[in-house]
Structure formats: structure tokens, C-alpha cells
Amino acid sequence: MNFLDKYQDEFAKYDQMEHDFIDDDKIWSQLKKWENPGKEDVRRVLKKAEQCVRLDPEEMAILIQNQDQETIEEMFALANQLKQEVYGDRIVFFAPLYISDECANNCKYCGFRSSNQDMHRKTLTMDEIEEEVKIMIEEGQKRTVLVYGESPSTEADFMCETVEKVYSVKTEHGEIRRANINCAPLTVDELKKLKEVGIGTFQVFQETYNHQTYREVHPEGTIKGHYRWRAYAMDRAQEAGVDDVGLGVLFGLYDWRFEMMGLLYHTIHLEEEFNGVGPHTISFPRITPATGTPFSDHPEYAVSDSDFKKLVAILRLSVPYTGLICTAREPDAVRRQVIPFGVSQIDAGTRIGVGAYAQSKQANALPDKEQFSIGDARTLDHVVAEICEMDCIPSFCTACYRAGRTGEEFMKVAKSKFVYNFCIPNAIFTMKEYLVDYASEETRVKGDEVIRQHMEQFIGQPVYDTIEKNLQRIENGERDLRF
Ligand code: SAM
Ligand code: SF4
């Protein structure tokens with residue numbers, strides 16, 4: 001069978017549905033209704049947001065449409081407060097690992113698209129994966145997201161093999177403890193296989209929730225051209241038992257205000273279908289220029305830095321229990337600006353070409369192998385030090401996923417704010433490991449100071465002694481201690 005026809009039978013089910021969970025007209029009418037909200041409307045929504053509850057679409061529309069500087073500042077302040085309450089001032093670190101840039105789709109914005117002649121296609125062999133992973137581990141990474149195009153060389157069985165390979169690599173200093181996946185939508189049976197091999201979060205970005213724009217940028221006749229196959233990818237993941245799912249929008253394809261409402265409607269859909277379990281994470285990349293891809297140079301709906309800042313804060317206020325990922329596509333100055341408004345995860349030390357970790361050891365990563373360009377190309381050590389300077393604590397923790405605190409379990413923990421009791425100590429332990437094993441002298445000094453500051457909140461509690469003992473055990477060479 002032609003590869004592009006592989007899901008034809010599955011598509012039929014979605015084609016028969018009268019409608020999906022995105023009603024474009026309704027979203028626009030809600031945004032229009034609140035075109036110019038008053039201060040009192042905004043403050044009413046902020047009052048509700050203070051309770052750390054998911055907001056409703058009209059409430060989000062009020063925040064999106066707010067143009068009043070005074071209440072926008074109040075939005076920023078509350079977003080920062082909620083972030084502290086739910087996540088503490090932890091920032092979780094990861095790095096992507098590009099497995100393949102072969103792709104049968106033809107997304108107009110992406111350097112991997114099939115019609116891009118400027119790309120030299122490559123899928124890593126198992127040996128090459130091992131080489132990449134060793135370098136990542138030696139740089140201090142503990143969490144990764146594996147990234148694939150959609151092609152006959154990267155079907156589900158191959159993905160499973162790559163996940164197993166990643167987990168099998170050990171060096172003197174450790175191993176990758178959590179491998180998330182960013183790939184094309186899959187069937188329930190394929191997803192069950194990925195669950196078996198222990199993937200972390202399953203990420204599929206809808207790119208744009210607007211039906212018309214979706215059709216325009218994803219040509220008909222490609223697998224990705226099927227909006228609903230993608231929109232219901234997370235329903236199938238839940239059905240397969242993969243309960244940590246990550247949503248995303250590629251900002252710049254359509255009006256950011258609409259896309260925000262799309263993310264919220266998607267979240268509500270999942271909560272309604274799956275016992276209150278919404279997405280584990282939301283990603284919000286902006287389009288960056290990709291090799292041989294003129295579309296990506298000047299996206300029609302490019303989001304300005306000030307709107308970007310606003311949208312991060314609005315996401316934090318609207319879905320307080322969902323992790324927010326700000327990737328290295330953003331320049332370091334932008335990341336510094338938005339982190340306080342609710343970002344919980346960032347990547348650092350990132351290389352996005354296929355085989356780029358190994359290449360970077362020889363020379364600079366080859367630009368023609370990249371899917372898009374990155375804005376923050378600093379080393380992990382550099383970014384870790386900067387996060388410490390912001391008085392936040394870098395975390396490499398993977399405890400929840402390994403203790404089975406995912407999906408509904410994770411939501412229970414997160415929702416009752418107990419996350420604080422697990423996450424801060426675990427951040428301290430994994431940060432200590434990083435400092436002992438990998439950090440430069442300068443980063444070590446800053447990191448130890450941040451650990452000391454974060455210990456203060458436990459003074460007088462029994463847990464303080466346990467944390468202190470564990471820090472000593474880490475100094476003495478023990479690894480992977482966690483609550
Ligand atoms: N092929 C899979 C898919 O399309 O879902 C997963 C991997 S794709 C390489 C990962 C994500 O990169 C896409 O979902 C898209 O949001 C993002 N992306 C594609 N082109 C981009 C660009 N020019 N700038 C920034 N992000 C881009
Ligand atoms: Fe392929 Fe994904 Fe790029 Fe589209 S976004 S061309 S599906 S790699």
C-alpha cells in the first residue's frame with residue numbers, strides 16, 4: 001500500500017463526524033463579543049483565576065482582548081504568582097534528539113517537507129543514536145524529546161526500537177531517564193507499542209486550529225492534510241493508555257488569539273472525555289526561518305514579542321496545571337522575559353539537526369540539516385547558570401513519570417498542590433547531581449547558592465534532614481535519589 005494511504009480506513013471514522021471540537025465561528029464570535037473588555041471584566045476573570053482553576057473560553061477571550069496596560073500588568077503579576085504556587089520556581093530542563101528528517105508530508109513552513117530539495121535526508125542508525133545519546137548524557141541531559149518526520153523509515157516499530165536504544169545507553173555519569181516523543185499522529189495499536197517501551201509525554205502539535213488555514217498549509221493528499229486525524233491524536237493516545245499528552249500550536253500560521261482559544265477548547269475536550277485529565281504540557285513555538293522554506297521567513301501572522309509575552313501569561317492563567325514549554329527557537333532575551341509568567345520547561349544545549357550532537361563535536365552543526373533555526377544556542381551550563389541567577393532552581397527530575405504519577409494520578413497530585421513537596425526536593429537532588437557531575441566552577445557556585453536558598457523553606461520540617469542527608473549521599477557518589 002502507498003505510504004500516504006496507510007491511515008485511509010482510520011480517516012473514515014473522522015470523516016463521518018458531523019463536527020469536531022473546534023467551532024471556528026463560535027471562537028470568533030466569542031473574541032468579537034469581548035473586543036474591548038472593561039477593567040472590571042478583566043478583574044472578574046483574574047479573581048476566578050486566583051483560585052487556580054481552568055478558565056472558560058469567554059474568560060480567556062476577555063484576557064486575550066484586554067488592551068488596558070494597568071490590568072495587563074495585573075495579569076502578568078498573577079501569572080507569576082500562579083506559577084510559583086503550582087510549580088514553585090523550578091525550571092525543568094530537556095534537550096531534543098532529532099532521529100529523522102525524512103518526511104512524506106509537505107507542510108509549507110517546515111524545512112523537512114518532502115518538496116524541499118535543499119535537505120539531505122537522514123535517519124539515524126542505532127549506533128548513531130547511541131553516539132548522540134552519549135554526548136547528551138555527558139553534557140548533563142537527563143530528559144529528551146525524540147523528534148521524527150513521518151515516513152516509511154520511521155514507523156511505530158522503529159520508534160519503539162529508538163526509545164529502547166535511548167534508554168539502554170549508560171555512561172559513567174548516568175543515563176537518559178525520560179524520553180518524550182514528538183511525532184506524527186498514530187493509531188491506538190501503534191500508541192500501545194510506544195507505551196510498552198516507556199515513552200514519557202506524547203506530543204503532537206495541531207499547528208493551527210483554524211480549519212481553513214490548516215488546509216492551506218498542509219496539502220491535500222498528505223497524511224498531515226487530515227485535520228481531524230491530528231486533532232483526535234490525543235484521544236487515541238488516552239485510549240491506548242498514554243496519558244501524558246502534549247499539545248501545541250505553531251504561532252504565525254493564523255491569528256494568535258484564535259489559536260489560544262483552540263488550545264483551550266482542545267484542553268476542555270480532553271478533560272470532558274477523559275475524567276478531567278487535560279494535557280500534561282502545551283508548547284507554543286513561533287515559526288522561525290527554515291532552510292529552503294521561504295514561507296517561514298515572513299509568516300503572515302507573525303506574533304510580536306509583546307503579544308508573545310501576553311500569550312504565555314494568558315496560558316498560565318487559563319490552564320494553571322498544565323506545563324508550559326518555551327523552546328530554544330526563542331532567543332535568550334525573549335526566554336528570560338517570559339519565564340517568570342509561567343514557563344515550566346525549557347530546552348538547553350539544543351542541537352536540532354539529525355546527528356547534530358556528534359557533528360557539533362567536530363565543527364558547527366550544518367545549517368542545511370536543520371528543520372528550522374534556533375534562537376538560543378547557548379550551552380546547557382550557561383543556561384543553567386542563568387536560571388540560577390534568576391533565583392529559580394533548574395531541575396532534571398523525572399520522578400513523577402517513573403513513580404507512575406502521570407495522567408489522572410499526576411493531575412491529582414498537581415491539583416492538590418502537593419507537587420511542591422515532591423518537586424522542589426527532587427529539583428534539589430537532580431540539580432546537585434548536575435553540579436557535581438557536569439557544571440563549570442562558576443555554575444557550581446551559583447547552583448549551590450540556589451540549593452541553599454531553596455532548602456530554607458524546609459527548615460524546621462522533618463524533611464529538611466532527609467534532604468540534607470541525600471545531598472551528602474550525592475556528594476559521596478550515589479545517584480538518582482528521589483521522592
Ligand atoms: N513530524 C511531526 C509532526 O509534524 O508532528 C513531528 C516533528 S516536527 C519536526 C515538530 C514540530 O516542529 C512541528 O509540530 C512544528 O510545530 C514545528 N515546526 C515545523 N516547522 C517549523 C519552523 N519553521 N519554525 C518553528 N517550528 C517549526
Ligand atoms: Fe514533516 Fe512534521 Fe515537518 Fe510537517 S512539520 S514536514 S510532518 S516533519
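Ligand 2 is surrounded by C103, N105, C107, Y109, C110, F112, R113, G149 and K224, where a residue counts as near a molecule if one of its heavy atoms lies within 4 Å of it. This is a predicted model, in which local features need pLDDT of at least 70, side-chain atom pairs count only at pLDDT 80 or more, and totals for chains, interfaces and linings use all residues. Residues are numbered from 1 along each chain as its sequence is written, chains are lettered from A and ligands numbered from 1 in the order in which they are written, and side-chain values use heavy atoms, with hydrogens and water left out.

**Shell of ligand 2**
- The shell around ligand 2 divides into five nonpolar, two polar and two charged residues.
- In this classing, Ala, Val, Leu, Ile, Met, Phe, Trp, Tyr, Cys and Pro are nonpolar, Asp, Glu, Lys and Arg are charged, and the others, Gly among them, are polar.

**Domains**
- The chain is divided into domain 1 (5–23 + 89–413) and domain 2 (416–475), with bounds from an automatic or database domain assignment.
- Domain 1 supplies 27 residues to the contact and domain 2 supplies 25, contact meaning heavy atoms within 4.5 Å.
- The centres of domain 1 and domain 2, taken over C-alpha atoms, are 29 Å apart.

**Interface of domain 1 and domain 2**
- The two domains bury about 2,200 Å² between them, 60% of it on carbon and sulfur atoms; buried area is the accessible area (1.4 Å probe) that two parts lose on being put together, summed over both.
- Ten residue pairs are in polar contact between domain 1 and domain 2, both residues being at pLDDT 80 or more. A polar contact is a pair of N or O atoms within 3.5 Å; within protein, one must be able to donate a hydrogen and the other to accept it, and residues adjacent in sequence count only if both atoms are side-chain atoms.
- On the side of domain 1 that touches domain 2, α16 gives the most, with six residues. Helices (H or I, at least four residues) and strands (E, at least two) are DSSP runs, numbered from the N terminus.
- That side of domain 1 has 13 nonpolar, three polar and eleven charged residues.

**Salt bridges**
- The count comes to 46 salt bridges, each a side-chain nitrogen of Lys or Arg within 4 Å of a carboxyl oxygen of Asp or Glu.
- R43 forms a salt bridge with E70, with the closest N and O atoms 3.3 Å apart.
- Because R43 lies in helix α3 (residues 39–49) and E70 in helix α5 (residues 69–87), the pair ties together parts that are 27 residues apart in sequence.
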